Amino acid sequence: MKVAVVGATGMVGQVMLKVLEERNLPITELIPVASERSVGKKIKFKDKEFTIVSMNDAIAAKPEIAIFSAGGGTSLEFAPKFAEVGTVVIDNSSAWRMDPTKKLVVPEINANVLTKEDKIIANPNCSTIQLVMVLHPLNLKYDIKRVVVSTYQSVTGTGKAAVDQLNAEIAGENPEKVYPYQIFKNALPHCDVFADDDYTKEEIKLMKEPKKILGDDTFNLTATAVRVPVQGGHSESVNIEFENEFDLDEVRKILSETPGVVLQDNVKNNEYPMPLYSEGKDDVFVGRIRRDLSQPKTLNLWIVADNLRKGAATNAVQIAEYLVANNLV
């Protein structure tokens, strides 16, 4: 099986290669793809060297699967060209997520919507993935009415240049800024660009994507997304109002038994999710579970995950694994 990784030299692309090395996708040939300036360079994968090729050469190779992590413009232009030659594209950009003709997939939740006819599959936004991993089992049990989410997002979500900015500022340097302000010792309520309604694109993704993934548009969701000087993962403070009453012990039991979710909720021992410990892991961590004392049937909790792994690379690879396991490629 030939697998192309488009954007192989980028921050998510490199994690994608690492995840592919760790997992058991039966790859016989890796086709790394990057920008023209990287074509001809070598990368290592499973102790072998592979040469980075151009987009057109990758399309000509007709891989069974192409995993994209190269930006929305690239995906819009080239994903259909891969699809035309029979390749299944798993796209990590926002290009196809809200397209009604494309599936938006978190494998633990809705992989069963996929068919052989799906040639372009959307990978959700990183903040969305960790959120719906927790919302889904609770929605099945208690029926969600409204969600309020505030995010504390890692600079890794912006890319290598943002990590470089943070590290340079920590070192006391004055680097070229990716963000409009210093990020070290700061918090920017500004993830992605602002839309006409003064929400950022990141907030809009968080408000729209969960409904599509859960197949449920009966609940309301609002979001505020904040960039913080952290590298290990994204954190989310989440307030969930349910239609039905819940029991806290039952909530903890449901989440502890949810595949891909790890319960860290022992405040007596100062145990709760933190990006410092989520880095490099594929699980979604949830804790600080408590009743909202200000209104009935409402829950507060805290969710953390490595945005480069489950929030991007791992989820995409899990989609590929599902396709292979179910003979959809």
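Predicted model: local features only at pLDDT ≥ 70, side-chain atom pairs only at ≥ 80, totals over all residues.
Asn 125 sits in the loop between S8 and helix H5 (126–142). Show its surroundings and, leaving aside neighbours within four places in sequence, you will find Asn 125 in contact with Arg 97, Glu 202, Lys 205, Leu 206, Glu 209 and Gly 311. Is Asn 125 buried or exposed? Its relative accessible area is 4%, under the 20% cut-off, so Asn 125 counts as buried.

**Next stop: the largest pocket**

Keep Lys 205 selected, as it was one of the contacts of Asn 125. Lys 205 also belongs to the lining of the largest pocket, and together with Gly 157, Thr 158, Gly 159 and Asp 192 it lies nearest the centre. The space here comes to about 770 Å³, and 35 residues line it.

Which helices each supply at least two residues of this lining? Colour helix H1 (11–22), helix H7 (201–214) and helix H10 (309–325) to see them. The largest share, 3 residues, comes from H1. If you colour the lining by residue class, expect 11 nonpolar, 19 polar and 5 charged residues.

**The second largest pocket**

Now select Met 11, Val 15, Thr 156, Glu 279 and Leu 308, which lie nearest the centre of the second largest pocket. This pocket holds about 280 Å³ of space and has 15 lining residues. H1 turns up again here, giving the largest share of the lining with 4 residues. By class, the lining has 3 nonpolar, 7 polar and 5 charged residues.

**The parallel sheet**

Switch to a cartoon view and hide the surfaces. Look for an open sheet of 6 strands with parallel pairing, in the order S2-S1-S5-S6-S8-S7. Its edges are strand S2 (29–33) and strand S7 (103–104), each of which pairs on one side only.

Zoom in on strand S6 (residues 88–91). With strand S8 (residues 120–122), S6 pairs in the parallel sense over 3 bridges, and Asp 91 stands opposite Ala 122 in S8. With S5, S6 again makes a parallel pair, over 4 bridges; there, Val 89 in S6 is the bridge partner of Ala 66.

Which way do they point? Val 88 and Ile 90 go one way and Val 89 and Asp 91 go the other, and all are buried.

H3 lies across strand S1 (2–6), strand S5 (65–68), S6 and S8, and runs at about 175° to S5.

Move on to strand S3 (residues 42–45), where the side chains alternate. S3 pairs with strand S4 (residues 48–51) in the antiparallel sense over 4 bridges, and Phe 45 stands opposite Lys 48 in S4.

The two strands form a hairpin with 2 residues between them. Pick out Lys 46 and Asp 47, and check their backbone angles. Phi of Lys 46 is near 50°, a positive value in a residue other than glycine. Asp 47 also has a positive phi, of about 65°, although it is not a glycine. How accessible is Lys 46? Lys 46 counts as partly exposed, at 39% relative accessibility, while Asp 47 is exposed, with a relative accessible area of 74%.

**Last stop: the mixed sheet**

Finish with the open sheet whose 6 strands run in the order S10-S9-S11-S14-S13-S12, with mixed pairing. Strand S10 (220–227) and strand S12 (261–263) are its edge strands. Turn the view to look along the sheet and follow the twist, which averages 20° from one strand to the next.

For a detail, select strand S13 (residues 284–291) and strand S14 (residues 298–305), which pair in the antiparallel sense over 5 bridges. Within this pair, Asn 300 in S14 is the bridge partner of Arg 290.

Now bring back H7, which you coloured as one of the helices supplying the lining of the largest pocket. H7 lies across strand S9 (144–153), S10 and strand S11 (234–242), running at about 145° to S10.

Conventions. Residues numbered from 1 in each chain as written. Heavy atoms only, no water. 1 Å grid on protein atoms, 1.4 Å probe; cavity = no way out; pocket = protein on both sides within 12 Å on 5 of 7 lines; lining within 4 Å. Points joined across faces, edges and corners; volume = space filled by probe spheres on them. Nonpolar A, V, L, I, M, F, W, Y, C, P; charged D, E, K, R; others polar. Pairing = 2+ DSSP bridges. Contact = heavy atoms within 4.5 Å. Axes fitted to C-alpha atoms, helices over the stretch in contact; angles between N-to-C directions. Buried < 20%, exposed > 50% of the residue type's maximum accessible area, 1.4 Å probe, protein only.
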